[in-house]
Amino acid sequence: PEPYSQKDKVTILLHEYNMLRAEILTRTNHGFQLLVVYAGLGGGLFVWIMQAKGGVRFWLSLAVAVGTLFVANWISFSNINRCVKRVLELEKDINTRVGENLLVWETQQERKFVGFLRKPRPAPENISPSCISEKERP
């Protein structure tokens, strides 16, 4: 089989990049939708707590519900962060292949949206997940 040309490799990597960006946006959108659901559940839970007698069964149910929400959020954020990490790698790889900084969103913008509970990611090193050899570099 003939090896892929540099242009074909960049096209394939750009397709992966686009799919991951769409995945990040979709998961973020779902997160905002869940926030609305959580607010509704929180209001219902408040009313339920005010009317409940507070037995062991109640507190156990409450602990399981809250734990489930935390686990679901952790999984969602974990998946988003994994996608973001790969997008950073792809940006670096594609920019290296074409010899210009064409893709910069995650590399430059991501650091501006860090909260006080989360440390910024270090800048990606010269990662080459697609195994670019030195002779293939532009």
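The entries below go through the salt bridges and then a pocket.

**Entry 1: ground rules.** I am working with a predicted model, where local features need pLDDT of at least 70, side-chain atom pairs count only at pLDDT 80 or more, and totals for chains, interfaces and linings use all residues. I number residues from 1 along each chain as its sequence is written, and side-chain values use heavy atoms, with hydrogens and water left out.

**Entry 2: salt bridges.** How many salt bridges does the structure hold? I found four. A salt bridge here is a side-chain nitrogen of Lys or Arg within 4 Å of a carboxyl oxygen of Asp or Glu.

**Entry 3: E16 and R86.** I looked up E16 and found its side chain in a salt bridge with that of R86, at 2.9 Å from N to O. E16 belongs to helix α1 (residues 6-51) and R86 to helix α2 (residues 56-98), so this pair ties together parts that are 70 residues apart in sequence. Helices are DSSP runs of H or I with at least four residues, numbered from the N terminus. E16 is partly exposed at 28% relative accessibility. For these labels, buried means under 20% relative accessible area, exposed means over 50%, and partly exposed is in between, with a 1.4 Å probe and protein chains only.

**Entry 4: R86 again.** R86 also forms a salt bridge with E89, and their closest N and O atoms are 3.4 Å apart. These two are three residues apart in helix α2, so about one helical turn separates them. Is E89 buried or exposed? E89 is buried, at 15% relative accessible area. I noted that E16, R86 and E89 are linked in a network of salt bridges.

**Entry 5: E23 and R27.** The side chains of E23 and R27 form a salt bridge at 2.6 Å, N to O. They sit four residues apart in helix α1, so about one helical turn lies between them. E23 is partly exposed at 30%, and R27 is partly exposed at 26%.

**Entry 6: the second largest pocket.** A pocket is an open set of points on a 1 Å grid over the protein atoms alone, where a 1.4 Å probe fits, with protein on both sides within 12 Å along at least five of seven lines; lining residues have an atom within 4 Å of a point. Which helices supply the lining of the second largest pocket? α1 and α2 each supply at least two of its residues. The lining includes Y38, W48, S61 and L69.
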